[in-house]
Amino acid sequence: MQLYYSPGAPSPRRVLFFMAEKAITGINLVTVDLNAQEHKGEAYRAKSPLAKVPALELDDGRVLTETRAICTYLEGLYPEPNLMGVDAEERAFVEMADRRAELYLLAGIANTVRHTHPGLAPLEQPQFPEFGQSQAQKVREVAAWFNAMLERQPWMAGDRFTIADITAFCAIEFARLMKFQPGREGMPALQAWRDRVADRPSASAK
């Protein structure tokens with residue numbers, strides 16, 4: 001198998017973190033240079049038609065191109081340690097937490113960075129700064145909600161570390177590009193959670 005990824009991008013980092021937690025080896029890593037627009041070239045689009053990273057090419061040539069789908073596939077191949085739920089009930093709550101982190105936190109951060117950061121201008125044309133700024137406000141509102149939740153429970157999905165923590169962590173780390181740090185904005189529970197995740201050796205995979 002081959003994983004096509006771009007260093008520093010949050011979605012590929014989610015997969016690398018997930019793989020590191022499971023100590024998965026033997027998957028060849030192939031760098032896709034976003035700044036050089038390599039993801040928009042004909043060769044890569046043949047694997048990922050929407051020109052997105054990451055993409056996992058299976059040994060039979062089929063390609064998975066959505067982060068959650070890639071992680072679900074790897075969870076099936078490498079079930080331990082479990083990161084997505086051990087039964088139907090836990091899987092549902094983990095998925096809910098993961099989707100919240102992806103849709104309400106990571107997506108907002110990505111929109112903010114894409115439309116306000118000058119370094120992302122080559123990748124996001126046209127940029128709409130006002131839209132990016134409005135997304136930044138919404139990110140802070142939802143981050144405050146996550147902070148309140150983490151005052152009641154230690155991890156994103158409840159009592160243990162799961163894929164939802166990986167997604168949320170990669171989002172918060174990417175938010176540095178919008179100059180957002182939870183502790184500096186009156187969100188101590190979110191900051192303490194972020195620091196606990198950062199202490200995991202697998203968090204350095206990126």
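Helices here are DSSP runs of H or I with at least four residues, strands are runs of E with at least two, and both are numbered from the N terminus. The model is predicted, so local features need pLDDT of at least 70 and side-chain atom pairs count only at pLDDT 80 or more, while totals for chains, interfaces and linings use all residues. Residues are numbered from 1 along each chain as its sequence is written, and side-chain values use heavy atoms, with hydrogens and water left out.

Stay on helix 1. Its buried residues include Pro-10, Arg-13, Arg-14, Phe-17 and Phe-18. Among the elements that cover them are strand 1 (2–5), strand 2 (28–31), helix 3, helix 4, helix 6 and helix 7 (188–198), where contact means heavy atoms within 4.5 Å. Just past the helix, Ala-23 has a positive phi of about 55°.

Next, select Arg-14 and Glu-102. Their side chains form a salt bridge at 3.1 Å, N to O (a side-chain nitrogen of Lys or Arg within 4 Å of a carboxyl oxygen of Asp or Glu). Arg-14 is in helix 1 and Glu-102 in helix 4, 88 residues apart, and both are buried.

Move to Glu-173 and Arg-194, whose side chains meet in a salt bridge of 2.9 Å, N to O. Glu-173 is in helix 6 and Arg-194 in helix 7, so the pair ties together parts 21 residues apart in sequence. Glu-173 is buried at 13% relative accessibility and Arg-194 at 16%, whereas Asp-195 is partly exposed at 32%.

Now show the second largest pocket, with a volume of about 180 Å³. (A pocket is an open set of points on a 1 Å grid over the protein atoms alone, where a 1.4 Å probe fits, with protein on both sides within 12 Å along at least five of seven lines; lining residues have an atom within 4 Å of a point.) Its lining includes Pro-10, Arg-13, Glu-173 and Arg-176. Helix 6 (163–174) supplies the largest share, three residues.

Last, the largest pocket has a volume of about 1100 Å³. Of its 37 lining residues, Pro-10, Ser-11, Lys-52, Val-53 and Arg-114 are the closest to the centre. Helix 4 (88–116) gives the most to this lining, eight residues.

Conventions: Grid points are joined across faces, edges and corners, and a volume is the space filled by probe spheres set on the points. Buried means under 20% relative accessible area, exposed over 50%, partly exposed in between (1.4 Å probe, protein chains only).
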